[in-house]
Amino acid sequence: MSDTPFGFGLPPEEPEDGDDGKQKGGHGGSQGPANPFGFGAGGGGGENPFAAMFGSLNPGDLGAAFQQLGQMLSYEGGPVNWDMAKDIARQTVARGTADGTKDASVGPAERAAVQEALRLADLWLDGVTSLPSGSGSAVAWSRAEWVEATLPVWKDLVDPVAERVGAAMGDVLPEEMQAMAGPLLGMMRSMGGAMFGTQIGQAVGVLAGEVVGSTDIGLPLGPVGKAALLPINIAAFGSGLGVPEDEVRLYLALREAAHQRLFSHVPWLRSHLFGAVEGYARGIKVDTAKLEDAVGQLDPTHPEQLQEALQQGMFQPEDTPAQKAALARLETALALVEGWVDAVVHAAAAPHLPSADALRETLRRRRASGGPAEQTFATLIGLELRPRRLRDASRLWASLTDARGLDGRDGLWAHPDMLPTAEDLDDPDGFVHREQLDFSELDKMLGEAAGGEKDAKKDDKSDRKGDADGGEEEEGGTGGKGESGR
């Protein structure tokens, strides 16, 4: 995590040729705790916080600093300041990753390579799954483009938890003080939105340096039907593996295309996963004692105290049956998605790619361990988006393929009640050979019943209309009115 609590340091400037990586003006380096807002190079003015914050800035920098501070304190939006999150994520991406890799625009050759890999991946997947292609388009993203495309989904994930924290920040004040603390509560909400915006922005920015596509964490982060890969991160992922880059790209394209098939052709899956995340978030409780300590020591010149409380883990899942059930549903759903993708991709890659086994194991370990950004989100929202039982789920899907074929295996995605449960992952053989309810037949029967009722109503309406027409004929003669009246 950055030592600049609210990310208000000025964006790093690109070094000019011959600067040896030094920034213009000689400042913008690391800032210590004495400089909480990051406005300058730190040092001096220990007894005067404004001198510590602003003492070394030139007039132009000082104006920008006050503008950022004003934006933070005047924020009146939702529980997360998403404009700030986006700006900080972009700044984090611009700084590059720890290995010194800088983001870059995707060139025509890289774009063509990604599109070809995704086209070939879909061709190979046609032979190992009954689900058709789910990619309407194939795109190659830079890290900055990944940030822009995925922030709307992060908003859906984080806002429920941030809303709870915002409410808790007001609840920690005694009731007799809450009526008089309107301005203070408003400032706390603004700072809370900035606090979350900063943390989320930093985490998304770091994650942008790790992901290789739009579905890396098992959730559909990008637009529907758009398969995406990040060439710069694919190159970094494959470095040191001893595997040709085109094989690495193709294997990762298989994973992206498999996820797209699942999310495009299982209409309930997206809402099922996000509903599980939201259900888990509803059961999270805020450590009010820790929050009270942070609020009691709240100092506008030292907002890092509130941030440190967040980083130390302010959220705890409630130890209730409902919360345990929500966590089990979420972990099982993530495992089933990742296990299906793992099994399908291996079946598609093994006949064609010599490195398929090695790449499969590398990705399994990568998903199991999680990177620093995923660990950050675990701290922020109390949730690790990792499939703990990926290997168990993959074995179960492979056994289902052997026992029921592609259609029988993939047909389980027709309804959420047909999917394996956490207990089934413990006893895969029992699930594989168990008789399954055919929900497609049930849906067909219900549809026919509904159609029959509709036809009956239609016939009844026709009969009533016929009776009325018959009465008119008796009065006006046979067809006389219809023909001569025109």
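Tutor: What follows goes through the salt bridges one at a time and then turns to the rings. The model is a predicted one. It holds 17 salt bridges, among them the pair formed by the side chains of Asp-216 and Arg-366, at 3.5 Å from N to O. Asp-216 has a relative accessible area of 15% and is buried, because the limit for buried is under 20%. Arg-366, with a relative accessible area of 28%, is partly exposed.

A second salt bridge joins the side chains of Glu-245 and Arg-249, at 3.8 Å from N to O. Both residues lie in helix H9, four residues apart, which is about one turn of the helix. Glu-245 is partly exposed at 44% relative accessibility, whereas Arg-249 is buried at 19%. Helix H9 covers residues 245-265 and also contains Gln-260. Gln-260 is buried, at 6% relative accessibility. Leaving aside residues up to four places away in sequence, Gln-260 touches Gly-134, Ser-135, Ser-214, Thr-215, Gly-225, Lys-226 and Ala-227.

Another salt bridge is made by Asp-426 and Arg-389, whose closest N and O atoms are 2.6 Å apart. Asp-426 is in helix H17 and Arg-389 in the loop between helix H15 (372-381) and H16, so the two tie together parts that are 37 residues apart in sequence. Asp-426 is exposed, at 57% relative accessibility, and Arg-389 is partly exposed, at 25%. Both belong to a network of salt bridges that links Arg-389, Asp-392, Arg-395 and Asp-426.

A charge can also be placed against a ring. Arg-404 lies over the face of Phe-431, at 5.9 Å from the ring centre.

In the pair of Trp-340 and Trp-413 the ring centres are 6.5 Å apart and the planes are at 85°, so the pair is edge-to-face. This pair links distant parts of the chain, with Trp-340 in helix H13 (residues 321-349) and Trp-413 in the loop between helix H16 (390-410) and helix H17 (422-426), 73 residues apart. Trp-340 and Trp-413 are both buried. Together with Trp-268 and Trp-397, they form one aromatic cluster.

Notes
Residues are numbered from 1 along each chain as its sequence is written. This is a predicted model: local features need pLDDT of at least 70, side-chain atom pairs count only at pLDDT 80 or more; totals for chains, interfaces and linings use all residues. Side-chain values use heavy atoms; hydrogens and water are left out. Buried means under 20% relative accessible area, exposed over 50%, partly exposed in between (1.4 Å probe, protein chains only). Contact means heavy atoms within 4.5 Å. Rings of Phe, Tyr and Trp (its six-membered ring) pair if their centres lie within 6.5 Å; planes under 30 degrees apart count as stacked, over 60 as edge-to-face and the rest as tilted. A charge sits over a ring if NZ of Lys or CZ of Arg is within 6 Å of the ring centre and within 35 degrees of the ring normal. A salt bridge is a side-chain nitrogen of Lys or Arg within 4 Å of a carboxyl oxygen of Asp or Glu.
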